[in-house]
Amino acid sequence: MTGLKNTLCSVMLLIFISSPAAAAEITLRFAGQFPEEHSATKLMREITDGVQSRTGGRISIEVYPANVLGDYTIIYEDLMRGAIDMALISIPSQFDPRLELVYLNPFVNYNAVKKAFRLDSWLSQKMDEYNTRLGVKLLGFNIEGLTGIASVKPINDPLAPESNKGVLVRVPLMHIYKAAIEAQGYRTVSVQYADAARALEEGRCDAVSSISADAAFTNLKGTMKYWYQLNYSQAVESYLMSAKTWDRLSEEDIAIIYGEVGRASAKSIAQAKQNDRRNHELMRQNGIEVFTYSDAELLPLRRAIAENWKNLEPVMGRQLMNDARKHFLINVKH
C-alpha cells in the first residue's frame, strides 16, 4: 500500500511540475496562406518549434495555414488591428502602393535575390518603413522561386522586348507586375491568382505570368504546354508581426523570433533554387516544353523593364523609383 501511495504521489508530483512549466506565458497566432503540405507552411512550423524550444515553452505559437483566418488582404488588416500576431503572406498594396516594391524586378539570379532580401538591405529597410507606418513590422521574407510564364501556345521571340509575343498574358492586379510584363512586349489582362487556372482553361488568356515554376506545375500542369523561365521577378511572401504584438514582447523574445525567421528565410532561398530545377524536370516528364536562359540572354529584358520603371513613378513616387534605380540597376547591367 505504501508503495502504491508513493507511486501515486510521484505521478501527481510530475503532473504538478510539468503542467505549469509547459503552460505558455504568451500565445501568438501565426496566419498563413498556403496549405499544410506547402514548403512555406512547413517553414512556419519550424519557426514555431524553434521559438518554443529557445524560450523553454514560454512562448507558444499556433499556426493557421491555408487562409483559415482569411485571405492575405484580411490577414494584413488583422495585423494592423492586432487581431493576429504574426503572418506569412503576400503583401497587399491597397493600403500603400509603395508596398509593391517587394515585387519589383531587378533580380537576375538567386545570388542577386539573396543580396537584395537581406534584412539590412535597402529593400528590406524600405519595406519595414512602409509596413511600420501601417502598424505592421517586417520580420523577413519567404522566397518561392523566380518567376516565368506558363503558356498554352508558343511565345514569339521571348527574349526580344520589342517583338509582338502573340499571346494574351494574365498578370496580377498590381502595377509593378503589369509594367514588367508589358515592358517585355506582351498584351495583358488582370486576373486574380485564384482564377488564373480557370482563365487559362477557358481561353480568357493564353498564358499566366508572375508565378514560380512550382506554382505553375502544381496548378497548371493539365493545361500549360510551355514554360518560359524568364526570372523577371520573384514569388515572395513576407513574415510580418503586428506592431501591437511587437510592443508587448521583450527585446530578447523579438531577437529569438528574428533569429528563427532568418533561418527559415535563408532556407527558403536554397529550397527555391532546388525546386526550380526539380519542377523543370517534372514539366519535361509531363510533356511540357521548358525554356531556360542565361543571365546574359535575359539582359535585354532587364533593361526594358528598368526603362519602363518611369511609368511607375505616378504610383510609386519619383524619388522611390530613382532610389530603386540607384540600388538595382547594377543587377540589370552586370
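Is the crossing of H8 and H10 left-handed or right-handed? It is left-handed. Keep in mind that this is a predicted model. Let me stay with that pair of helices for a moment.

H8 and H10 pack at an angle of about 35°. Their axes are 8 Å apart. Who makes the contact? From H8, the residues are Ala-213, Asp-214, Ala-216 and Phe-217. From H10, they are Asp-276, Arg-278, Asn-279, His-280, Leu-282 and Met-283. By type, the contact of H8 with H10 has five nonpolar residues, two polar and three charged.

Now H8 itself. The helix covers residues 213–220. Six of its eight residues are buried, so H8 is largely enclosed by the rest of the structure. The buried ones are Ala-213, Asp-214, Ala-215, Ala-216, Phe-217 and Leu-220. What do they pack against? H10, residues 251–285, is one of the partners. Helix H7, at 196–201, is another. Three strands join the list: S4 at 136–151, S7 at 207–212 and S8 at 226–229.

S4 takes us to the next stop, strand S9. How many bridges join S4 to S9? Nine, and the two strands run antiparallel. One example: Lys-137 has Met-241 of S9 as its bridge partner. S9 also pairs with S3, residues 86–89. Here there are four bridges, again antiparallel. In that pairing, Ala-87 stands opposite Leu-240 of S9.

How covered is S9? It spans residues 234–242, and nine of its nine residues are buried. In a regular strand, side chains alternate between the two faces of the sheet. In S9, Gln-234, Val-236, Ser-238, Leu-240 and Ser-242 point one way. Ala-235, Glu-237, Tyr-239 and Met-241 point the other way. Both sets are buried.

One more residue, from another helix. Ala-306 lies in H11, residues 295–307. Buried or exposed? The cut-off for buried is under 20% relative accessible area. Ala-306 comes in at 9%, so it is buried.

Last, the whole chain. We have 334 residues, and 54% of them are buried. The secondary structure comes to 13 helices and ten strands. The C-alpha atoms fill a box of roughly 90 × 45 × 35 Å along the principal axes. Take the contacts between residues at least 6 apart in sequence: 72% join residues at least 24 apart. The chain exposes about 15100 Å², with 52% of that supplied by carbon and sulfur atoms.

Key
Residues numbered from 1 in each chain as written. Predicted model: local features only at pLDDT ≥ 70, side-chain atom pairs only at ≥ 80, totals over all residues. Heavy atoms only, no water. Buried < 20%, exposed > 50% of the residue type's maximum accessible area, 1.4 Å probe, protein only. Contact = heavy atoms within 4.5 Å. Axes fitted to C-alpha atoms, helices over the stretch in contact; angles between N-to-C directions. Left-handed = near helix turned anticlockwise from the far one by under 90°. Nonpolar A, V, L, I, M, F, W, Y, C, P; charged D, E, K, R; others polar. Areas by Shrake-Rupley, 256 points an atom, 1.4 Å probe, with all protein chains shown as cover. Pairing = 2+ DSSP bridges.
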